[in-house]
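Welcome to this short briefing.

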Amino acid sequence: MTQLTTLPAASLWQRIAARLDHLFAFGLMVLCAVALGASPASAQSSAPFVIKENGRGFDSLQDAVNAIGDRRGTIEIAPGTYRQCAVQTAGVVIYAAREYGTVTFDRRSCEGKAALVLRGLGAEVRGLTFTNMAVGDGNGAGIRLENGVLNVAYSRFLNSQQGILTADNPQGRIYILRSTFSGLGTCEHSAGCAHSIYIGNYGSLTVKESRFEKGRGGHYVKSRTANVVLENNSFDDANGTGTNYMIDLPAGSTGTIANNWFVQGRDKENYSAFIALGAETLLHDPDGLVVKDNTARFVPGLNRASVFLADWTNSRIVMSGNKLARGLTKYELR
């Protein structure tokens with residue numbers, strides 16, 4: 001047993017979150033260096049999966065994860081399309097494309113869940129693409145997060161039942177930056193609807209500078225987290241099929257929804273609102289939720305009545321600076 005596991009829970013999560021934030025910043029520095037013509041240190045092995053800290057190479061992603069075990073490590077992934085998946089049960093693992101945008105995980109899921117099933121202390125995903133993820137219960141995802149904290153950056157989730165699906169972890173947090181979620185969601189299975197992002201009762205969810213488009217059912221973001229920060233994202237439903245809300249906070253949530261761009265398409269299962277708050281239950285007091293400086297409209301030529309924010313909680317919502325198209329009501333208590 002490592003020393004980390006003997007710490008109080010709050011201290012443990014604070015240390016993990018702080019460490020991952022540091023690693024996340026470092027990864028962005030590396031990306032900037034590559035853009036300027038520099039290149040990261042070359043791997044010491046020609047194998048597709050290399051543990052950066054010691055240069056050990058593996059043909060199997062699962063073998064590389066197992067080799068890191070309950071420690072912290074970075075798996076650098078060579079360009080290519082892989083029919084592989086992995087389950088992480090311990091430690092802190094960074095899954096990083098050697099060249100962002102050149103690594104694709106296609107079709108293969110572990111435990112009938114996802115390409116990456118994560119239940120260690122923490123994980124980070126950098127520059128990966130997940131596509132064509134489908135399983136029998138309709139919840140096939142690029143990432144299934146069952147425990148720990150998670151950072152995602154410069155990644156794509158395409159043409160699957162879900163992009164990211166999580167369990168509950170009130171002490172955990174999720175941070176997503178500059179990623180794309182396209183062709184996701186379904187309401188065709190007995191397990192209920194799948195969504196582009198479906199986050200359980202986590203401590204917080206942050207999504208910044210990301211794109212959501214071409215939904216196939218369900219919501220684009222569904223989150224039961226206590227706190228949300230959704231800023232500078234685009235929600236383009238113009239080519240969506242049978243979709244519902246852009247943002248669904250079914251258990252109540254505080255935080256900020258700001259500077260996002262929303263377009264509602266024609267083919268909707270439910271077009272009654274863009275953002276829904278507290279439609280199912282009230283786990284978290286949303287008093288003080290800030291919704292500001294967003295732009296929302298319909299696709300050209302569509303005349304329809306809808307509500308920008310539908311509220312089932314009767315809480316104090318701070319709304320300002322939102323630019324809404326004709327036919328959109330700013331707020332409605334339901």
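Accessible areas here come from the Shrake-Rupley method with a 1.4 Å probe. On that basis, the protein exposes about 13600 Å², with carbon and sulfur atoms supplying 48% of it. Please keep in mind that this is a predicted model.

**Overall make-up**

- Looking at contacts between residues at least 6 apart in sequence, 69% join residues that are at least 24 apart.

**Disulfides**

- How many disulfides does a search of the whole structure find? The search finds 2.
- For orientation, a disulfide is a covalent bond between the sulfur atoms of two cysteines.
- Cys 85 is bonded to Cys 110, and their sulfur atoms are 2.1 Å apart.
- This link between Cys 85 and Cys 110 is right-handed, with 90° about the S-S bond.
- Cys 85 lies in the loop between strand 4 (80-82) and strand 5 (86-88), while Cys 110 lies in the loop between strand 7 (103-106) and strand 8 (114-118), so the pair ties together parts that are 25 residues apart in sequence.
- Are these two cysteines buried or exposed? Cys 85 is buried, at a relative accessible area of 8%, and Cys 110 is buried too, at 12%.
- Cys 187 and Cys 193 form a disulfide as well, with 2.0 Å between their sulfur atoms.
- The torsion about the S-S bond of Cys 187 and Cys 193 is about 115°, so this disulfide is right-handed.
- Cys 187 is partly exposed, with a relative accessible area of 36%, and Cys 193 is partly exposed at 32%.
- If you number the bonded cysteines in sequence order, the pairing reads 1-2, 3-4.

**Aromatic pairs**

- A search of the whole structure turns up 13 aromatic pairs.
- One of them joins Phe 130 and Phe 157: the ring centres are 5.2 Å apart and the planes lie at 20°, so the pair is stacked.
- This pair links distant parts of the chain, with Phe 130 in strand 10 (residues 128-131) and Phe 157 in strand 13 (residues 156-158), 27 residues apart.
- Phe 130 counts as buried at 1% relative accessibility, and Phe 157 counts as buried at 1%.
- Phe 181 and Phe 212 have their ring centres 4.9 Å apart and their planes at 10°; since planes under 30 degrees apart count as stacked, this pair is stacked.
- Phe 181 sits in strand 16 (residues 180-182) and Phe 212 in strand 19 (residues 211-213), so the pair ties together parts that are 31 residues apart in sequence.
- Both Phe 181 and Phe 212 are buried.

**The ring cluster and a charge over a ring**

- Which residues do ring pairs link into a cluster? The cluster is made up of Phe 49, Tyr 82, Phe 105, Phe 130, Phe 157, Phe 181, Phe 212, Phe 235, Phe 262, Phe 274, Phe 298 and Phe 308.
- Arg 304 places its charged end over the ring of Tyr 271, at 4.3 Å from the ring centre.

Conventions:
Residues numbered from 1 in each chain as written. Predicted model: local features only at pLDDT ≥ 70, side-chain atom pairs only at ≥ 80, totals over all residues. Heavy atoms only, no water. Disulfide = S-S within 2.5 Å. Helix = DSSP H or I, 4+ residues; strand = E, 2+ residues; numbered from the N terminus. Buried < 20%, exposed > 50% of the residue type's maximum accessible area, 1.4 Å probe, protein only. Contact = heavy atoms within 4.5 Å. Phe/Tyr/Trp six-rings, centres within 6.5 Å; stacked < 30°, edge-to-face > 60°. Lys NZ or Arg CZ within 6 Å of the ring centre and 35° of its normal.
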